[in-house]
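This briefing is intended for a reader who is meeting a protein model for the first time. Please look over the sequence and the structure before reading the points below.

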Amino acid sequence: QAIGTTDGRSPKTRRTQLAQERRSSSDATHRSSQYSYNSVQEIGSGTGCNNLGLLYKKGYGGDHGEFQASDLFQKGCEGGDSLSCNNLANAYLKGRGRPQDEGDALKYFRRGCELKHPKSCEDFKFLKKGKLK
């Protein structure tokens with residue numbers, strides 16, 4: 001039995017197997033997120049759009065993850081999800097998946113605030129005063 005393992009495999013073999021398992025899991029998550037993206041687009045759930053957008057933002061959406069994420073945040077915000085509005089505002093503020101535009105960021109922070117998202121209210125006030133970058 002190899003030192004430091006309970007199954008007799010060397011630590012290097014175990015690390016290689018774990019890396020392969022992670023890649024497989026990531027591929028499955030990507031396939032699942034693509035399926036979910038299509039489903040959420042059809043259903044139109046604001047919270048679902050936000051949650052799936054976060055997956056895309058974290059890289060589970062392939063090469064265009066930030067663009068798909070911001071599309072989902074937009075749809076979620078339009079569906080009345082305050083966190084989606086906040087995430088969309090940040091996409092505009094930072095130029096991630098949307099063109100960098102403080103005016104649009106301000107618009108979506110305000111919308112998130114109207115929907116009772118405290119961080120959106122805070123960021124709206126700071127951006128309006130020119131103190132949020």
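The structure is a predicted model. The protein contains 6 helices and 0 strands, and its elements follow the order α-α-α-α-α-α from the N terminus.

**Overall make-up**

- The protein has 133 residues, of which 35% count as buried.
- Among contacts between residues at least 6 apart in sequence, 40% join residues at least 24 apart.

**Helices H2 and H3**

- The axes of helix H2 (residues 46-60) and helix H3 come within 8 Å and cross at roughly 165 degrees.
- Because an angle over 145 degrees counts as roughly antiparallel, H2 and H3 are placed in that class.
- The crossing of H2 and H3 is left-handed.
- On the H2 side, the residues in contact include Cys-49, Leu-52 and Tyr-56, while those on the H3 side include Ala-69, Leu-72 and Phe-73.
- By class, the residues of this contact of H2 with H3 divide into 7 nonpolar, 6 polar and 3 charged.

**Helices H4 and H5**

- The axes of H4 and H5 come within 8 Å, with a crossing angle of roughly 165 degrees.
- H4 and H5 are therefore also described as roughly antiparallel to each other.
- The crossing of H4 and H5 is left-handed.
- Residues of H4 that take part in the contact include Cys-85, Leu-88, Ala-89 and Leu-93; their counterparts in H5 include Ala-105, Tyr-108 and Phe-109.
- The contact of H4 with H5 has 8 nonpolar, 4 polar and 3 charged residues.

**Helices H5 and H6**

- The axes of H5 and H6 come within 8 Å and cross at roughly 145 degrees.
- H5 passes H6 in a left-handed crossing.
- From H5, the contact includes Ala-105, Leu-106, Phe-109 and Cys-113; from H6, the contact includes Cys-121, Asp-123, Phe-124 and Leu-127.
- Sorted by class, the contact of H5 with H6 has 7 nonpolar, 2 polar and 4 charged residues.

**Gly-97 in the loop between H4 and H5**

- Gly-97 lies in the loop between H4 and H5.
- Gly-97 counts as buried because its relative accessibility is 8%, and the cut-off for buried is under 20%.
- The C-alpha atoms of Gly-97 and Gly-65 are separated by 8.0 Å, although these two residues are 32 residues apart along the chain.
- Leaving aside its neighbours within four places in sequence, Gly-97 is in contact with Glu-66, Phe-67 and Ser-70.

- Side chains of opposite charge can pair when their charged atoms come close.
- The salt bridges in the protein number 4.
- Asp-71 forms a salt bridge with Arg-98, and the closest N and O atoms are 3.1 Å apart.
- This pair links distant parts of the chain, as Asp-71 belongs to helix H3 (residues 65-78) and Arg-98 to the loop between helix H4 (82-94) and helix H5 (102-114), 27 residues apart.
- Asp-71 is partly exposed, with a relative accessible area of 35%, whereas Arg-98 counts as buried at 17% relative accessibility.

- Which residues form salt bridges with Lys-119? One partner is Glu-122, at 3.9 Å from N to O, and another is Asp-123, at 2.9 Å from N to O.
- Salt bridges that share partners join Lys-119, Glu-122 and Asp-123 into one network.
- Why are Glu-122 and Lys-119 separated by about one helical turn? They are so separated because they are 3 residues apart in helix H6 (residues 118-128).
- Lys-119 and Asp-123 are likewise separated by about one helical turn, because they are 4 residues apart in helix H6.
- Lys-119 is partly exposed, with a relative accessible area of 40%, and Glu-122 is partly exposed, with a relative accessible area of 41%.
- Asp-123, by contrast, counts as buried at 5% relative accessibility; Asp-123 is also one of the H6 residues that meet H5.

Note on methods
Residues numbered from 1 in each chain as written. Predicted model: local features only at pLDDT ≥ 70, side-chain atom pairs only at ≥ 80, totals over all residues. Heavy atoms only, no water. Salt bridge = Lys/Arg side-chain N within 4 Å of Asp/Glu carboxyl O. Helix = DSSP H or I, 4+ residues; strand = E, 2+ residues; numbered from the N terminus. Buried < 20%, exposed > 50% of the residue type's maximum accessible area, 1.4 Å probe, protein only. Axes fitted to C-alpha atoms, helices over the stretch in contact; angles between N-to-C directions. Left-handed = near helix turned anticlockwise from the far one by under 90°. Contact = heavy atoms within 4.5 Å. Nonpolar A, V, L, I, M, F, W, Y, C, P; charged D, E, K, R; others polar. Parallel < 35°, antiparallel > 145°, perpendicular 65-115°, else oblique.
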